[in-house]
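Me: I'm new to this structure and would like to learn how to read it. Could you take me through it feature by feature?

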Amino acid sequence: MRELFRVHSPNSTHPNAWKRNIIHILLIVSSIFGLIIYIPSVYLAGKQGLGEVVIVDTLALLLIWFLLLLPNRYYKPKSYFLLALVSIMAALLYTKIGLAGAGILWFFLIPVFCGIFLNPTLAFWGWVISTISVFGGALLAHYKIWIGNETPFQILVVGANFSFLCGILTFSVIAILRGLAQSIRKQKQLILLQRKTNTKLQNEIAIRMEAETKLTDSLNDKETLFREIQHRVKNNTQLILSMMALEQDKTKSEPAKKAISSAMNRIHSMAMVQDYLFYKDSYKVIHAKDYLNSLVRHLFLSYSPSDGRIQSSCDIEEIYLPMEKAIPCGLIINELLSNCFKHAFPENGKGKVSVLFQKSSTGFLTLEVADNGIGNVSEEKNSSENTSLGMSLIEALCQQLRGELEVEKNNGFLVRVRFFP
């Protein structure tokens with residue numbers, strides 16, 4: 001029963017869904033109304049001796065129930081049977097009872113149903129046939145075929161009114177249904193377009209999710225490989241430093257020991273970058289404050305006298321450096337600080353070494369390493385002892401940074417490097 005009285009959604013994409021709904025609703029209403037009036041109609045018809053009406057009423061009610069039980073895909077046969085039933089009921093009631101019966105009202109439904117279920121042309125011809133049938137009642141009255149006291153003139157007047165009213169009703173219904181059909185057609189097209197768009201979007205989302213999954217897997221593999229490479233670089237660096245330390249312990253030449261120590265500190269300054277990248281889980285940028293402070297502490301432990309006569313001062317801002325900028329900065333600080341500890345304070349002199357790294361308002365980064373040692377005398381002594389490798393290395397690193405190098409030798413020794421990050 002639930003399936004029997006279910007009306008399909010108007011959002012169905014079938015082009016005749018609205019017609020199927022109308023037929024289904026009409027059959028439901030007719031079946032209910034037919035059950036209500038069946039017994040009174042049969043009683044009156046039997047009382048007046050109209051056995052044909054009783055038979056037609058019974059067959060009509062059975063036909064309505066049969067059409068209602070048919071699946072909705074048979075909407076065209078349903079519409080034809082319903083139109084035939086209306087025509088038969090109209091002709092029978094009009095010929096047997098006349099104007100006193102409901103036959104003329106059934107004639108109203110013929111052109112209306114033709115307009116709904118068929119097309120406007122057949123609706124016009126249905127209106128013509130209904131009008132002719134009503135006007136034909138004058139002949140029925142003239143030849144005394146039906147029971148009643150109506151004169152042919154009265155029937156002609158009723159037929160004229162019927163023709164006018166039925167024409168207005170029929171063509172009004174056709175115009176309304178045509179507008180409704182166009183609106184429904186546009187709605188169906190929009191629904192189809194929306195479904196196609198949703199399907200395309202779902203396919204696009206699926207493709208992008210699959211690509212994102214592949215990219216994520218590839219990125220995870222590359223991250224694992226990169227960490228493995230970093231780990232191996234770290235291990236190899238430690239192996240190199242250990243081998244150099246062993247070589248330093250074996251050699252008896254003091255200049256060789258100093259050269260090995262300088263090389264180890266340079267390697268260590270680069271290794272600290274790899275350590276930072278490994279432990280901070282970073283691949284591109286380095287926190288300059290952490291890295292440079294650690295490097296300065298390491299150099300103080302390596303070179304500074306244990307009596308504390310050389311003090312340090314670090315002013316390093318919170319700046320993030322790319323790896324290709326951080327390594328040259330670390331090497332520059334390594335060269336300058338090792339030079340300060342070796343040559344700036346001879347004869348157990350006291351002094352101060354300062355490291356400054358900051359960003360100017362114009363965007364330049366400024367790296368300064370200064371001491372208040374003997375300054376110019378220290379530089380002349382370095383040149384005479386053929387220790388200018390450090391300054392040559394600083395100049396090369398400055399070119400790698402694409403920066404400007406400034407050297408001041410008054411009241412100590414100061415090196416300033418300015419570059420863009």
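Me: Let's start with R208: how exposed is that residue?

Reply: Keep in mind that this is a predicted model. The cut-off for exposed is over 50% relative accessible area. R208 has 57% relative accessibility, so R208 counts as exposed.

Me: Which residue does R208 form a salt bridge with?

Reply: Here's the general idea: side chains of opposite charge can pair when their charged atoms come close. In this model the partner of R208 is E204, and their closest N and O atoms are 3.0 Å apart. E204 has 37% relative accessibility, so it counts as partly exposed.

Me: Why are R208 and E204 separated by about one helical turn?

Reply: Because they sit four residues apart in helix 7, which covers residues 152-250.

Me: How many salt bridges does the structure hold?

Reply: Eight. One of them joins the side chains of R416 and E368, with 2.5 Å from N to O. R416 belongs to strand 7 (residues 413-419) and E368 to strand 5 (residues 365-371), so this pair ties together parts that are 48 residues apart in sequence.

Me: Are R416 and E368 buried or exposed?

Reply: Both R416 and E368 are buried. The cut-off for buried is under 20%, and R416 has 16% relative accessibility, which means that it counts as buried.

Me: What else does R416 form a salt bridge with?

Reply: Look at E408: its salt bridge with R416 has the closest N and O atoms 3.5 Å apart. E408 counts as partly exposed because its relative accessibility is 38%. A network of salt bridges links E368, E406, E408 and R416.

Me: Now the strands. How do strand 2 and strand 4 run, and how many bridges join them?

Reply: Strand 2 (residues 310-316) and strand 4 (residues 351-359) run parallel, joined by seven bridges. To find a spot where they face each other, look at C314, which stands opposite V355 in strand 4.

Me: And how do strand 4 and strand 5 run?

Reply: Antiparallel, with seven bridges joining them. You can follow one at V353, whose bridge partner in strand 5 is D371. The hairpin of strand 4 and strand 5 has five residues between the strands, and there G363 takes a positive phi near 100°.

Me: Where does UniProt place the feature "transmembrane region"?

Reply: The unreviewed UniProt entry places it at residues 21-43, 49-70, 82-110, 122-143 and 155-177.

Definitions and conventions
Residues are numbered from 1 along each chain as its sequence is written. This is a predicted model: local features need pLDDT of at least 70, side-chain atom pairs count only at pLDDT 80 or more; totals for chains, interfaces and linings use all residues. Side-chain values use heavy atoms; hydrogens and water are left out. A salt bridge is a side-chain nitrogen of Lys or Arg within 4 Å of a carboxyl oxygen of Asp or Glu. Helices (H or I, at least four residues) and strands (E, at least two) are DSSP runs, numbered from the N terminus. Buried means under 20% relative accessible area, exposed over 50%, partly exposed in between (1.4 Å probe, protein chains only). UniProt positions are given in the numbering used here, feature names are shortened, and annotations may be inferred rather than shown by experiment. Two strands pair if DSSP finds at least two bridges between them.
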